[in-house]
Amino acid sequence: MGAAQSLVGPSPLSLLVDAIEQLSGARTIEQIAEVVRTSARRMSGADGVTFVLRDGQFCHYLDEDAVGPLWKGRRFPLETCVSGWSMMHRQTVVIPEIRDDARIPQDAYSPTFVRSLVMTPVRPADPLAAIGAYWDHPRQPTDEEVEALSMMARATATAIENVQLLSSLEQSLARREALIRELDHRVKNTLAATLSIANQTLPTATSAAAFVESFNGRLMALSRAHEILAHRDWAGATLSECLDRVIRSAPELDQGRLRLNADCGVIANETAVSLILALHELLDNARRHGALSAPFGTVDLELAFANDRFRMTWTERGGPIVSAPARRGFGLRLAEMGLARDLGGKAEVRFGSEGMVYALEAPVSVRIMPIAKGATAA
């Protein structure tokens, strides 16, 4: 009895169970396609099987197992092939003779061996694939054959959803790891910047109170920069946002003592930090020692793009007569060298009877570039 059973071969049910087990271990669409094409053919006794993925408005014949070539690797519009009809109408198609059915694109089928077929959608409620079984002679597939293909399609739908879920999970984990690395990098940079500010502020402080005031001001400027960048998911900032955090909140702007003329532009993360810190130092220096410390002193700030160059000019007038200090303080060094270095340009600080002038020029690059008129920053 056992020998007779072995001659008959595995039953359709055992083949289906074996296919489900293999599908449960599939980790890619290609692995699913391999299981489907081989198992479905053995279960149905068909002369050929195809596995078709829905790709937007197209059918992608991903894989096949057949006595002759079919359409592996090709894509067809949904409305021009039987697999597309099956997915769009969310139902199984049974065609005993392809020459008698208007849904068959005869030009596509005539070079093949196919004379009859069954096409069943994968996940009928919202089809994402189809399984086709083909025979080389006209025949009416049995109810058992159609049901077996339908059960295979149901198992395939679960396998595809598992693969999609696994892929989504892997992507989420990869994003999480990338975010952790990025956060670690940003925290270290922030701590390094804070430590540098403290070390540079301390030697020039005349008292503990003066140190606290200067350090807190610089730390708040750093915080403002990080607030902008965090709001934009660390995808850079605009010049307007940088100015809003430093210049446009200054009361001198409303009094007409601080005049602003700025083109629209975008600026990279680290450069935005340098720009905000530099603007803070220039404004703080003007209030303490420069034009804004005098009753009628003014400051003109211009940020402009021209001929592939970016220029920033801070011009003080009407303040006390100033001369070049014997030793540059941290604030002026930051404005003169830090921002210029980040932009790959040059900066100069000049002192005269009218007041201090800060002039920076740098090439337009990914670090800083204009925004075309009518466009908006991403």
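The buried residues of helix α3 are Ile29, Ile32, Ala33, Val35, Val36, Arg37, Ser39, Ala40, Met43 and Ser44, where buried denotes under 20% relative accessible area, exposed over 50% and partly exposed the range in between, for a 1.4 Å probe and protein chains only. The model is predicted, so local features need pLDDT of at least 70 and side-chain atom pairs count only at pLDDT 80 or more, while totals for chains, interfaces and linings use all residues. Residues are numbered from 1 along each chain as its sequence is written, and side-chain values use heavy atoms, with hydrogens and water left out. Helices (H or I, at least four residues) and strands (E, at least two) are DSSP runs, numbered from the N terminus.

Helix α3 comprises 16 residues (29–44), which at 1.5 Å a residue should span 22 Å, in agreement with the 22 Å between its end C-alpha atoms; the expected span is 1.5 Å times one less than the number of residues. Gly45, with a positive phi near 70 degrees, follows α3.

A nonpolar core is a set of buried Ala, Val, Leu, Ile, Met, Phe, Trp, Tyr and Cys residues joined through side-chain atoms within 4.5 Å. In the largest such core, of 50 residues, the members touching the most others are Phe310, Met312, Trp314, Tyr358 and Leu360. Elements giving two or more residues to this core include α6 (143–201), β11 (309–317) and β13 (356–363). Helix α10 provides the largest share, 10 residues. A second, separate core of 33 residues includes Ile29, Val35, Met43 and Leu53.

Ser116 belongs to strand β5 (residues 116–122) and counts as buried because its relative accessibility is 0%. Its side chain reaches the backbone oxygen of His137 at 2.8 Å. Beyond neighbours within four places in sequence, the contacts of Ser116 (heavy atoms within 4.5 Å) include Ile95, Tyr134, Trp135 and Arg139.

The structure holds 6 aromatic pairs, counted when ring centres of Phe, Tyr and Trp (its six-membered ring) lie within 6.5 Å; planes under 30 degrees apart are stacked, over 60 edge-to-face and the rest tilted. Trp71 and Tyr134 form an edge-to-face pair, because their ring centres are 5.8 Å apart and their planes lie at 65 degrees. This pair links distant parts of the chain, 63 residues apart: Trp71 is in the loop between β2 (58–66) and β3 (75–77), and Tyr134 is in strand β6 (residues 129–135). Trp71 is buried at 4% relative accessibility, and Tyr134 is buried at 0%. Ring pairs join Tyr61, Trp71, Phe76, Tyr109 and Tyr134 into a cluster.

Definitions and conventions:
Polar contact = N/O pair within 3.5 Å; in protein donor to acceptor, adjacent residues only side chain to side chain.
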